Amino acid sequence: MTTHAGKERADRPWAVFAALVPTRAALATLVLMLLALAIAAFVFAPPARSQGESGARYTGVASCAGSTCHGRMEGDGTVVRQDELMKWQEPSTPGGAHSRAWAVLGNNRSQFIARNLGIGDPAKAQMCLGCHSTAGTARAAPAEDGVGCESCHGPAGGWLASHYAGVGTNADPEREMRGKHLANLSAGLKKLEDPVVRAGVCVDCHYGSAADGQFVTHRIMAAGHPRISFELDLFSSLQAHHQEDADYGWRKFGAANRRTDHVQMWAVGQATAIERSLALFQTRRGTEGMFPEFTFLDCHSCHRRIFDQAKPVRTGLDNPGRSIPEGMPPYNDENLIMLAAAARLAAPALADQLAIRTAAFHKAMATDRQSAVAAAAQLSQTVAALKSAFASRSFSGADAFAMVDAISAKAISDRYTDYSGSQQAVMGVDTLLNAMVSSGRVTVGAAAGIRGDIDRAYAAVKDPNAYKPSEFQASFGSAVRAIGALR
Ligand code: HEC
Ligand code: HEC
Ligand code: HEC
Ligand code: HEC
């Protein structure tokens with residue numbers, strides 16, 4: 001099993017979870033309850049509402065939970081672990097977050113948010129269900145499942161019956177497994193091993209989408225919802241319930257030695273996040289009442305202290321990447337900064353265009369909405385080109401080191417003047433360090449040895465109000481130097 005040193009720690013800035021998940025002992029009961037719920041949904045749901053976007057049918061978590069399927073107590077299946085259900089709801093790790101996503105809508109924080117918004121019971125409000133349950137987008141799935149298997153793997157109606165038929169009977173089991181996987185994909189299983197597909201799936205909820213109930217507006221945040229922060233590769237590892245070995249390589253990529261390319265996953269994740277943000281900004285989501293939708297902007301440009309004395313005190317820092325006049329709130333450019341670093345290394349032909357269009361977009365934000373929307377559309381094209389460049393290139397262990405250098409190069413690090421960008425930089429180096437471990441460039445022990453440096457950098461971006469750019473630069477600098485020393 002790939003070891004991601006330190007990833008299962010509970011004190012990450014975003015690692016806040018309630019102990020709402022049943023113990024192992026209660027698991028069997030839960031499975032039975034889920035089964036009953038799924039059958040109920042199955043029988044009573046009107047057919048027109050039980051169709052996914054592709055027309056495929058959602059079957060609910062219970063249909064995956066059999067003890068001969070994904071409901072084993074130990075991860076000892078011959079092809080896949082088969083204890084995925086248990087990992088999905090493991091209370092001690094962020095991996096259990098999706099199973100309790102609906103349950104949190106009943107907690108005090110959700111009640112507080114709902115009262116502020118005047119939306120009644122949050123557990124029934126589409127504004128919340130869109131991301132906190134499969135039911136938000138697939139009405140036939142039981143809301144109680146939270147974010148179930150099919151939210152990510154796709155509606156199982158088309159492949160449920162065929163995907164577990166025995167393998168290994170053929171003279172060429174590897175080819176047979178590969179063939180079966182391809183057949184499942186064409187029957188509607190999502191190709192989550194593909195970074196572009198996976199990023200699209202996660203970003204629907206970990207950034208937002210145009211679908212009903214899948215967007216956290218500034219009003220929802222002001223009502224008490226946490227700010228959403230995301231990094232595809234890191235969050236994938238945090239919720240992983242699978243294991244990459246030779247048969248995984250065969251199934252997913254058609255070669256025993258192929259594994260997930262974590263640097264690529266990170267880079268594609270950055271491009272997808274900003275692509276989604278720019279796309280939504282161009283739609284009606286881009287405004288709220290007579291105002292721009294503040295979600296798209298740098299939170300701290302508005303949420304600062306005011307000094308009014310004779311001797312002026314500036315609370316912001318000059319940022320060479322943002323060509324917007326002082327006094328106006330800039331677009332949240334956390335992913336654009338990461339993308340600038342990735343482009344220099346992995347798609348240099350597009351790096352200048354990205355820089356020019358990023359600057360033009362920031363500048364257009366100070367002109368009028370029409371100009372900003374037009375500049376966003378142009379920038380989106382560059383981002384899309386970068387995304388395909390990353391997706392069609394493979395990254396080596398040496399690239400991971402070069403990427404850490406790129407993220408910490410002066411031209412890039414001068415742009416870490418706000419909280420979100422700085423937090424994205426720390427997640428970036430953490431994920432790249434893990435990529436070095438999984439590609440064998442760095443040993444697990446060596447990575448664990450510098451965990452303290454990474455954790456100090458995380459500490460500098462833990463509390464938005466305590467964030468100080470200079471302190472961040474210092475601890476980030478030592479984390480980067482510690483990684484460099486492993487080269
Ligand atoms: C765009 C998707 C999306 C929508 C819409 C959304 N949420 Fe969330 N919510 C998330 C994500 C993602 C997290 C986890 C944030 C993190 O840890 O990065 C979260 C976290 C939370 C938390 C904190 C979870 C915890 O374990 O304490 C609460 C409470 C919450 N949401 C309630 C709500 C309520 C109430 C609504 C409706 C008003 C809502 N959410 C709408 C995506 C969404
Ligand atoms: C938040 C998204 C998400 C949810 C929810 C989710 N998975 Fe996954 N799952 C993934 C990702 C990403 C992978 C790794 C990529 C891949 O191999 O498909 C994965 C991998 C797997 C694998 C290994 C596939 C292989 O061929 O080796 C199995 C089996 C699996 N999941 C079953 C489940 C089951 C059962 C549930 C529900 C109890 C579930 N998953 C819920 C995202 C999710
Ligand atoms: C249908 C919406 C949805 C989809 C799709 C989704 N998530 Fe989530 N995810 C959530 C919500 C809501 C939460 C917060 C639940 C909570 O805190 O109780 C969450 C929490 C998480 C957490 C825990 C974060 C923490 O603060 O501990 C991780 C890790 C995560 N998601 C990874 C992923 C990945 C990787 C994907 C794509 C493979 C993905 N998610 C797809 C809705 C979704
Ligand atoms: C363009 C300016 C602007 C931006 C950018 C902005 N906010 Fe706000 N925020 C406001 C205003 C105005 C209020 C309402 C204050 C009031 O009601 O007195 C507010 C209120 C809030 C509140 C409620 C608590 C409070 O102090 O009233 C939270 C939480 C919040 N914002 C979070 C965020 C987050 C997170 C971001 C970034 C994603 C963000 N804001 C971006 C202007 C902004």
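**Two ligand shells in a predicted model**

Visitor: By class, how many nonpolar, polar and charged residues does the shell around ligand 2 have?
Guide: The model is a predicted one, and the shell around ligand 2 comprises 24 residues, among which His70, Cys149, Cys152, Leu192 and His242 come nearest. Sorted by class, these residues are ten nonpolar, nine polar and five charged.

Visitor: Which helix supplies the largest share of the shell around ligand 2?
Guide: Four helices each contribute at least two residues to this shell, namely α2 (84-88), α5 (149-153), α10 (232-239) and α11 (246-253). The largest share amounts to four residues, and the helix that supplies them is α5.

Visitor: Which residues of α11 are buried?
Guide: Helix α11, which spans 246-253 and supplies at least two residues of the shell around ligand 2, is followed by glycine 254, whose phi is positive, near 75 degrees. What covers the buried residues of α11 includes α7 (173-186). Those buried residues are Trp250, Arg251 and Lys252.

Visitor: How many charged residues does the shell around ligand 1 have?
Guide: Ligand 1 is surrounded by 31 residues, the closest being Arg109, Ser110, Pro122, Cys128 and Cys131, and α3 (108-117), α4 (126-132) and α8 (195-206) each supply at least two residues of the shell. By class, this shell has 20 nonpolar and ten polar residues, which leaves the charged class with one.

Visitor: Over which residues is the pLDDT below 50?
Guide: The chain averages a pLDDT of 86, and 88% of the residues score at least 70. Where pLDDT is low, predicted coordinates should not be read in detail. One stretch has 73 contacts in the model beyond near neighbours in sequence, yet its pLDDT is below 50, and this stretch is residues 1-52.

Methods. Residues numbered from 1 in each chain as written. Chains lettered and ligands numbered in written order. Predicted model: local features only at pLDDT ≥ 70, side-chain atom pairs only at ≥ 80, totals over all residues. Near = placed C-beta within 6 Å. Nonpolar A, V, L, I, M, F, W, Y, C, P; charged D, E, K, R; others polar. Buried ≥ 20, exposed ≤ 12 C-beta atoms within 10 Å, placed from the backbone. Contact = placed C-beta atoms within 7 Å. pLDDT = per-residue confidence, 0-100.
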